[in-house]
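Here are my notes for you, in numbered points. Keep the model open while you read and find each part as it comes up.

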Number of protein chains: 2
Amino acid sequence: MGRKSLKGARQLEIIKIFYKVAKKEGYENTSIAKIAKVMDINPSLIIHYFETKEDLTYGLIDYILERYLLIYTIKDKEGVTLSDLQKTIEMLFSKKWNLLFDDGLFYTFYALAFREKKIKEKYKSILDSLRFALASMIERCNEKEFTKVEDPKTAADLIFVLVDGAYFYLSLESDKKAYAERLHYYKNKAYQILGIDPLLLADLIPAP
Amino acid sequence: MGRKSLKGARQLEIIKIFYKVAKKEGYENTSIAKIAKVMDINPSLIIHYFETKEDLTYGLIDYILERYLLIYTIKDKEGVTLSDLQKTIEMLFSKKWNLLFDDGLFYTFYALAFREKKIKEKYKSILDSLRFALASMIERCNEKEFTKVEDPKTAADLIFVLVDGAYFYLSLESDKKAYAERLHYYKNKAYQILGIDPLLLADLIPAP
DNA sequence: AAATTAATTGAACATACATTCAATCTATAA
DNA sequence: TTATAGATTGAATGTATGTTCAATTAATTT
């Protein structure tokens, strides 16, 4: 008996507002009081659902990493086609995910990982699972002889190094044309690693 | 007449302690009061030399970026040899600079760049100058026919993408062996880009 | 209707923060 | 020696922080 618990739902609501405020004003400028004000609730209610601010922060990190994982949604099905692999590459080198999660916050918590082991492990496991997913996709493409990639795991790693390295620099680039050209260049490098001629797939690739 | 100004020297002292404390406890946990306590001076003295905390933070960022630039010290002289280029590559793929500046803080302020235009410009200009320096080094090696790199600028960019992308992932890797192996692999990729056979240079490269 | 469980509020807490201002101390030049 | 400019202190300010606790309100079951 008693009242139905809203814990899960309420926690998510709070995290979403936390995310929203932190995106706008920065994580370090986002207090429990601010979140409460935006939600028009009492700050102590937030403490009621998350015992400490630390817990709340971990909640936000999980939220962001889940969305980070979500954007790539690398297919796990058996019936992988070359077009699936290609769509994945296109996705990795697009900037669609900006709509799903904030780069600034992603890097903020990445920086935090250097001092907090828990966060480091979270990030590591997410990054690993993405690499693993891409590697097994390449493997299945190999099996069906769509590709002939020698070492799928190494190839997947290298592609992600390109992705991460490219965005690290390009996030600072304000010239949109330069941005697009560079990204396109690195994308072609990725296709090269896979032994795929991007010209053959031209129909599916939007012109740069 | 009057007293000699200590401004410059004192500012540097303060920044160095700021760096030290922030490295240990994180930027967001480092207050003016904490810095003052470590230095055994009054907090208001810090405000006297840096009008606001913002100014102090910019000072720290400049300090870190200067050191970041310093570690690479790409030679600017005319007499560039193949060994100079090679030393640069070795340096880029070593982790020596950990002694000079803290990765965690470097990424902390990198994350801040997403919200603060001034910081973004600082980072961009540092990253660009490194790329430019490497590109012109390659060019001079081309002139002397040590290398035959088609597009030195693009090659330099690509090498830095490898560096940045590799460290982005590897900073989360705690397995030292895996860390070293991966780094070595990406370094070889860099040599490949330059058309240099790393085996020919084996004497200068420490075994992985 | 009564009992129970959870949601929510509101007041209060100690603490830490960046910054201010006036006062004092100290080195240097005239 | 005296005037002066800068170094340094110390007290004070107002604001924001995370967290606590008791009190109240609302939903659900018996």
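1. Start with the parts list for chain A: nine helices and zero strands. Read from the N terminus, the order is simply α-α-α-α-α-α-α-α-α. Helices here are DSSP runs of H or I with at least four residues, strands are runs of E with at least two, and both are numbered from the N terminus. The C-alpha trace of chain A spans about 60 × 45 × 35 Å along its principal axes.

2. Some housekeeping. This is a predicted model, where local features need pLDDT of at least 70, side-chain atom pairs count only at pLDDT 80 or more, and totals for chains, interfaces and linings use all residues. Residues are numbered from 1 along each chain as its sequence is written, while chains are lettered from A and ligands numbered from 1 in the order in which they are written.

3. Now look at helix α5 (residues 82–92) and helix α7 (residues 117–143) of chain A, which pack at an angle of about 150° with their axes 10 Å apart. That makes α5(A) roughly antiparallel to α7(A). (Axes are lines fitted to C-alpha atoms, for helices over the stretch in contact, and angles run from 0 to 180 degrees between N-to-C directions; under 35 degrees counts as roughly parallel, over 145 as roughly antiparallel, 65 to 115 as roughly perpendicular and the rest as oblique.) On the α5(A) side the contact is made by Leu82(A), Leu85(A) and Thr88(A), and on the α7(A) side by Leu134(A), Met137(A), Ile138(A) and Cys141(A). Being in contact means that the C-beta atoms of two residues, placed from the backbone, lie within 7 Å. Sorted by class, the α5(A)–α7(A) contact has six nonpolar residues, one polar and no charged. (Ala, Val, Leu, Ile, Met, Phe, Trp, Tyr, Cys and Pro count as nonpolar, Asp, Glu, Lys and Arg as charged, and the others, Gly among them, as polar.)

4. Next pair: α8(A) and helix α9 (residues 176–194) of chain A pack at about 175°, with axes 10 Å apart. These two are therefore roughly antiparallel to each other. Among the residues that meet are Leu158(A) and Leu162(A) from α8(A), and Tyr179(A) and Leu183(A) from α9(A). This contact divides into 12 nonpolar, no polar and two charged residues.

5. How do the two chains relate? A rotation of 180° with 0.0 Å of shift along its axis superposes chain A on chain B, with an RMSD of 0.0 Å. That is the relation of a two-fold axis. (Copies are superposed by least squares on the C-alpha atoms of residues with pLDDT of at least 70 in both.) In chain A, Gly165(A) has the C-alpha nearest the axis, 1.8 Å from it.

6. The contact between the chains takes 25 residues from chain A and 25 residues from chain B. On the chain A side, α8(A) gives the largest share, eight residues. That side has 15 nonpolar, four polar and six charged residues. The copies meet through the same surface, because 100% of the interface residues of chain A are also interface residues in chain B.

7. Finally, the DNA. (A residue is near a strand if its C-beta atom, placed from the backbone, lies within 6 Å of it.) The surface near DNA strand C has nine nonpolar, nine polar and seven charged residues.
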